[in-house]
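Thanks for making time this morning. Please have the sequence and the model open while I talk.

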Amino acid sequence: MTAQMDPQHAQYVAAQVADARVNVELETEGMTLNIGPQHPATHGTLRIIVRLDGEQVTEVDPVLGYMHRGYEKLAEVRTYPQVTTLINRIDWVGSFANEVPFVLASEQLMDIEAPERAQYIRTILFELGRIANIVLFLGDMGVQLGAVTPMFYALRDRELILNQIESATGGRFHPNFNRIGGVKDDLPAGWLQDTKSAIAKIMSFCDQAEGLIVGNEIFQERTRGVGVIPADVALTYGLTGANVRASGVDWDLRRDSESPLPYDKVDWKVWTHPDGDSFARYWVRLQEVRESCRIVDQLLDSLPSGPIMAKVPRIIKVPAGEAYVATENPLGEMGYYVVSKGGLEPFRVKIRTASFSNMSITPWLLKGAYMPDVVTILASLYFILGDLDR
Amino acid sequence: MPSAEEEVAEVPKVDHIRQELLEEVKNQLGSAVIGEHLSPGKDLWVRVQTQKWAEFARVMKEKLGFEFFDFLSCIDWKDSPYGRSLSSAVDIELGNTEQEPPAEALSTGVAGGDTRFQMIARVYSIKHNVGITVKADLGESMAIESWAGIFHGAAWHEREAYEMFGVSFQGHDNLRNIYLPTGFEGNPLRKDYPLMARLVKPWPGIVDVEPMPEVAEPAKTTPSGASTQNPDAGGAP
């Protein structure tokens with residue numbers, strides 16, 4: 001490198017600088033950025049086409065379907081007990097929760113009800129599935145902001161819950177434990193005590209996450225006031241779960257629907273947050289895990305004795321009719337609209353998944369956001385690709 | 001199918017909230033409501049005229065406070081031409097049923113219906129904790145008004161119904177495939193769209209294994225057949 005610049009080159013540099021100044025004053029040219037379908041921030045195979053003006057997003061077009069498996073069609077050619085195996089794979093992180101609304105809808109059509117003990121076991125495993133699911137989110141949100149450590153704590157402590165699900169059902173991720181009229185097996189010996197100690201560990205993980213992430217200044221800077229969703233917009237887009245509770249809507253299907261699951265027998269609270277931003281969504285989910293721990297703890301104490309299966313025929317034939325049953329799943333409302341014409345198979349199953357509706361707000365929500373916030377907003381909405389694409 | 005009267009007789013509980021809601025909906029929409037079904041303690045269905053589909057959504061949202069959009073989809077009521085629900089012979093034998101030919105008359109679900117395709121949607125009131133499912137018939141043109149302007153969340157659900165059933169939503173400004181690739185031919189959730197995997201290899205049915213082979217003839221005739229079949233019993237003195 002020469003100490004003195006060639007005068008011709010200096011002139012060229014000066015012209016470039018002048019050009020750059022003009023460019024700053026004038027509008028920059030728009031740019032299209034393609035995020036995914038193989039991008040870590042998209043949790044799988046979601047593709048998002050973003051139109052950018054400088055750092056600011058002007059248009060968002062999510063492209064779905066890279067993982068579309070056609071469950072609604074496949075369910076039409078399976079018998080009712082076989083469908084639960086299939087729908088386990090929708091939200092694969094908290095998959096016990098996927099089975100429950102379908103089984104409840106079938107039971108409603110058949111006009112049978114599972115015995116009390118079976119409902120308790122269902123609820124306990126449902127809540128364990130929720131904990132396994134949301135604990136992963138609590139760690140993963142840190143990764144999206146560059147903090148990798150919480151993820152490892154989350155994976156470590158989630159393992160305790162998965163072990164409990166595995167020892168009761170035989171499957172870590174896909175329990176397939178629900179039967180129409182009850183559950184497959186009773187709980188193994190010593191399970192209650194082991195679950196209690198696992199729950200205690202999760203409670204301490206929540207405290208840890210609160211200190212590591214919620215109390216972190218960088219996290220607060222990046223999430224407070226970012227991606228704000230007003231309550232009325234959230235409802236018109238069909239947002240559910242923690243996403244809508246973070247916008248101040250006090251609504252939880254566990255408390256508010258006429259469900260046979262014994263949520264009314266335990267003492268717990270529905271948390272809401274008035275802000276509606278990414279921070280509020282994280283905070284509400286953190287409280288939700290704590291409440292789930294409380295629910296499981298109380299249900300384990302009050303687990304009634306009795307049968308775990310109602311009297312059902314060996315070959316399940318569901319009378320003609322229609323039923324829609326939805327439950328509050330880890331990601332939000334999940335419901336099955338089951339249409340029966342009286343056969344061995346459902347005639348039509350419409351699966352309403354939480355992530356599909358939750359993500360439909362993204363074209364509205366990401367408009368005007370800055371590019372680095374796109375990742376945190378997407379992460380805070382929390383979707384599972386299987387739940388989005390079905 | 002159990003009629004509404006039978007279900008009321010079974011469950012003596014009267015569902016006041018849904019009963020009042022049904023009266024209110026009928027007051028607001030008048031003759032547009034052409035079918036209804038109330039299942040006490042479970043759910044409420046109404047069927048509206050096709051041309052009043054969007055008006056129903058507007059009335060529910062603006063007058064009755066049903067601000068939460070749940071889902072929207074379509075049902076094909078035609079029986080599958082590939083046999084009854086594509087059951088295999090084993091299913092039919094175990095289920096004690098017969099391979100029924102597709103029904104001549106179209107059978108539709110609760111709240112009635114006259115056409116092969118029916119729209120179905122659900123809205124919910126958080127204030128009253130009650131939901132209502134609405135249906136509307138789809139004529140030959142498969143055209144119906146879009147809800148996307150009223151409930152923004154309906155936009156994606158309508159794109160799904162468009163590609164899966166071929167419903168054309170009027171007033172939807174972005175009606176294109178959502179899951180399927182652009183240019184995909186056919187509407188997969190229609191009953192006459194074949195599920196190729198099932199046609200190529202029949203499903204084993206309720207039992208996941210093939211039927212056991214016939215027991216060999218000598219074992220049946222020998223009186224001590226059990227000992228020859230069971231090596232443990234035969235080996236012990």
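**Where the chains meet**

The contact takes 39 residues from chain B and 38 residues from chain A. In contact means that the C-beta atoms of two residues, placed from the backbone, lie within 7 Å. Before going on, the ground rules: this is a predicted model, where local features need pLDDT of at least 70 and side-chain atom pairs count only at pLDDT 80 or more, while totals for chains, interfaces and linings use all residues. Residues are numbered from 1 along each chain as its sequence is written, and chains are lettered from A and ligands numbered from 1 in the order in which they are written.

Back to the chain B side. Helices (H or I, at least four residues) and strands (E, at least two) are DSSP runs, numbered from the N terminus. Strand 3 of chain B gives the largest share, six residues. By class, this side of chain B has 20 nonpolar, eleven polar and eight charged residues. Nonpolar covers Ala, Val, Leu, Ile, Met, Phe, Trp, Tyr, Cys and Pro; charged covers Asp, Glu, Lys and Arg; the others, Gly among them, are polar.

**Chain B overall**

Chain B has nine helices and seven strands. Of its 237 residues, 37% are buried. Buried means 20 or more other C-beta atoms within 10 Å of the residue's own, exposed means 12 or fewer, and partly exposed is in between, with C-beta atoms placed from the backbone. Take the contacts in chain B with a separation of 6 or more: 60% of them join residues 24 or more positions apart.

B:N129 has a positive phi of about 55°, although it is not a glycine. Look for B:N129 in the loop between strand 4 (117-125) and strand 5 (130-138) of chain B. B:N129 has 14 C-beta neighbours inside 10 Å, so it counts as partly exposed.

Now chain A. Two packed helices are described by the angle between their axes and the distance between the axes. Axes are lines fitted to C-alpha atoms, for helices over the stretch in contact, and angles run from 0 to 180 degrees between N-to-C directions.

Start with helix 5 (residues 116-144) and helix 6 (residues 149-169) of chain A. They pack at about 165°, with axes 8 Å apart. Helix 5 and helix 6 of chain A are therefore roughly antiparallel. The cut-offs: under 35 degrees is roughly parallel, over 145 roughly antiparallel, 65 to 115 roughly perpendicular, and the rest oblique. Helix 5 of chain A passes helix 6 of chain A in a left-handed crossing. That means the near helix is turned anticlockwise from the far one by less than a right angle; clockwise would be right-handed. The contact of helix 5 with helix 6 of chain A has 17 nonpolar, three polar and three charged residues.

Which way does helix 5 of chain A pass helix 12 of chain A, left-handed or right-handed? The crossing of helix 5 and helix 12 of chain A is left-handed. Helix 12 spans residues 278-301 of chain A, and here the angle is about 150° with the axes 9 Å apart. Helix 5 and helix 12 of chain A are therefore roughly antiparallel. This contact divides into 17 nonpolar, two polar and four charged residues.

**Helices 3 and 4 of chain A**

Helix 3 (residues 80-87) and helix 4 (residues 96-110) of chain A cross at roughly 160°, and their axes come within 9 Å. Helix 3 of chain A passes helix 4 of chain A in a right-handed crossing. Helix 3 brings A:Y80, A:V83, A:T84 and A:I87; helix 4 brings A:N98, A:E99, A:F102, A:V103 and A:S106.

**The sheet and a loop**

Chain A also has an open sheet of three strands, order 1-2-3, with antiparallel pairing. Strands pair if DSSP finds at least two bridges between them. Strand 1 (31-35) and strand 3 (56-63) of chain A are the edge strands, each pairing on one side only. Seven bridges join strand 2 (residues 47-53) to strand 3 of chain A. A:I49 stands opposite A:D61 in strand 3 of chain A.

Last stop, A:N176. A:N176 is not a glycine, yet its phi is positive, about 50°. A:N176 lies in the loop between helix 6 and strand 4 (178-179) of chain A.
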